[in-house]
Amino acid sequence: MWMHWFNGTLSALGVLLISLLSFSEAISYSPIQPPSYPLAVRSPYLSAWIPGNSVASLASNRAQFWAGNDLIWSVTARVDGVAYNLFGVHLPLSGTKSGTVTEASYTSTHSIFTVEAGSRTFTLDFFSPVSPKNYLRQSLPFSYLTVTVTAGDSSSVQIYSDIDHSWVGQAVDVSWSYSAKNTTSVFQIEGVDTQTYSENANGQALWGSAVYATRPTTGGSLSTASGPSTSVRQSFIDNGNLTGTHAEWSVTGVVGFAHDLGTTAKEVAVTFAVGHVREESIDYLGAAQTGYYRASYAETVDAVSYFLDDYADANEESTTFDSLVQSTGTSSYGSNYSDILALSVRQVYGGTEITIPNESLDTNNTRAFIKEISSDGNINTVDVIFATFPIFYILSPEYIKLLLDPILEYTGSDAYTKDYAVHEIGANYPNATGHPSTGEEMPIEESGNIIILVYAYQLATGNTDLATTYASQIEQYAEYLYENGLYPASQLSLNDALGALANQTNLAVKAAVGLATYGVLINSTEYQTAGKDFAQEIWSDHLGTDADGTHFLIQYDIAPWFLVYNHYPDLLFNLSIFPDEAYSATASFYQTVRKEAGVPLDGDLGWGQTNWQSFVAATVNGTARELFIGDLHAYVANGLNTAPFSDRYWVEPSGDYVAGQSYSFRNRPTLGSHFALAALAGGNTWDS
């Protein structure tokens, strides 16, 4: 915290910071106060968050899309006729009060806030299911908000919630509609005459519909309204219910629900479903893909009704799933590590979509697509999948196949003619229309990644279908590595911010590991030996190290040192191509070059990446491992950041930034890399 003094008087900023600190100290945060809490995180376009430092004033602070723009989503409760704003009411109406937040917690799937309002206590449970092997549940593009009034005195209680057009990424030319089917009431909001597969500047989908739905509780009543926010909210504040009228959309409008729970001393809960639906969700080589769930529920009203029906089962599964992630982290490296894993999960699966062909709805033709969020928006970037794969290896190795299938289908067609693996299959999500002629090329990086990912899938599942179906392509990539991998030409690597460099040590390491992995994949000692020979030259013969063999260089014979992480699969797959001394020496070295908040990517940079720090944490042990895990936990818990978990941060002060502040990126699915250490214990541990 910084305090600003002027002429001996505390400035307004200082007063505000002290005020926020006093609020925060009154709140119990479990397990930590993160940079940002996931609220509704289910796809690249359903991605709502709230900064950790906004929770103290939850009543007035708004949810945000992952890019940082506000989303209107509010909750107000009446207790014995007095209205208390619980969440997201930025401009409270006269006569209302603010609830007081006392607890905030997160698990892998839930973010839960406890709020006191008058004589009653409410919990707001934001639940985004993660069901890695249940494609129907995982593909439903909705998230739950459950508001529970805990047991107390015999108060009359009503609960209100609304959303607006901010969820569809535009402020003009919007329409909305209301419908009811059986007991489910549904509002849908969509842009008018929007272009399919288009986004706004914040990365929000401009086509499709935002959805808000609920159903009455047993013994309670439900009322609805849409119209100007002031009048709709005032109706609830005054009466505890809504008028049932549905005015046409206006720029200040909201769609709202009011639950009247009557007079009760019992615990009662109401559940809302918020979502974003796109029938044509992905353009895959000119053919529309749609969500997997539409094979069972083609209509939105039916899909959201099923989603509400599924709440109890999904919630029960989440309890088991959360416990697995917690125990996996704790058994791998303690509670600090489990804190990191729990915060990473929703971000990974929320950046990935499971689809089927929109025309046939054939679930035998299932694919997955992942967005390179907050950098350049590519679709199915191979190196992004590589960075993410440890979590899939543990929890859902079939995702590796689902993500690789569309890539290898494309590169095996006449549309792609190069003899190395493609970087991605489309410059702009959700347009998987092929690699552009001006797109990035990473020949060694991606060729090695494909081989490693294919084997990770096979090792975790025992299935050989990927290796068999695409045998000729995989062999071609292995040959490319053999011919070009030891002395890489000037080209980009996964860390493309470094630019194209020749003889990159980390690329040569990728080639060595890729060759050895291919040898194991096809049971060839020739390729395994080739990988070991590469590793011998890079490390033991000092081609890619300093003269004393204490660390890797960024380029052969050229400083600075580099945080080499591409030998991680050597340990994961038990290839044994690099000697033990390569790991013990670097473990000692990295401790000597740590900056104030962590180890940078190389000796010339002031920033580090949690992806590669996590890969390296899995390759070292003892105090070095403690260093990497401790720094990552300190970064995520330091209170300096508000963006959804950024995988890049400053490890030393830089300009206006202090050590420990995030740097540019946010909400990237690459946090799957944080599971690299846990993955060493084995794959496919989640039994749905």
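This is a predicted model: local features need pLDDT of at least 70, side-chain atom pairs count only at pLDDT 80 or more; totals for chains, interfaces and linings use all residues.
Residues are numbered from 1 along each chain as its sequence is written, and side-chain values use heavy atoms, with hydrogens and water left out. The average pLDDT, the predictor's confidence in each residue on a scale from 0 to 100, is 95 for the protein, and 96% of the residues score at least 70. Over residues 1-24 pLDDT stays under 50, and the model has 18 contacts (heavy atoms within 4.5 Å) beyond four places in sequence for this stretch.

Helices (H or I, at least four residues) and strands (E, at least two) are DSSP runs numbered from the N terminus. Two packed helices are described by the angle between their axes and the distance between the axes. For helix H5 (residues 311-349) and helix H6 (residues 382-395), the axes come within 12 Å and cross at roughly 110°; axes are lines fitted to C-alpha atoms, for helices over the stretch in contact, and angles run from 0 to 180 degrees between N-to-C directions. H5 is therefore roughly perpendicular to H6, a term that covers angles of 65 to 115 degrees, with under 35 counted as roughly parallel, over 145 as roughly antiparallel and the rest as oblique. On the H5 side the contact is made by Phe 321, Leu 324, Val 345, Val 348 and Tyr 349, and on the H6 side by Thr 388, Ile 391, Phe 392 and Leu 395. These residues divide into eight nonpolar, one polar and no charged, where Ala, Val, Leu, Ile, Met, Phe, Trp, Tyr, Cys and Pro count as nonpolar, Asp, Glu, Lys and Arg as charged, and the others, Gly among them, as polar.

The structure holds three cavities of 30 Å³ or more; on a 1 Å grid over the protein atoms alone, a cavity is a set of points where a 1.4 Å probe fits but cannot get out, a pocket is an open set with protein on both sides within 12 Å along at least five of seven lines, and lining residues have an atom within 4 Å of a point. The largest cavity contains about 200 Å³ of space, and among its 18 lining residues Ser 139, Pro 141, Gly 291, Glu 353 and Ile 354 are the closest to its centre. Helix H2 (135-139), strand E21 (268-277) and strand E24 (352-357) each supply at least two residues of this lining, of which E24 gives the largest share, four residues. The lining of the largest cavity comprises seven nonpolar, eight polar and three charged residues.

The second largest cavity, with about 50 Å³ of space, is lined by residues including Thr 76, Tyr 160 and Arg 233. Arg 233 is also one of the residues nearest the centre of the second largest pocket, together with Arg 62, Ile 72, Ser 229 and Thr 252. This pocket has a volume of about 330 Å³, and the largest share of its lining, three residues, comes from H3.

In the backbone, cis peptide bonds join Ser 30 and Pro 31, with omega about -5°, and Tyr 429 and Pro 430, with omega about 10°. Pro 31 lies in the loop between strand E3 (28-30) and strand E4 (36-41).

Technical notes. Grid points are joined across faces, edges and corners, and a volume is the space filled by probe spheres set on the points.
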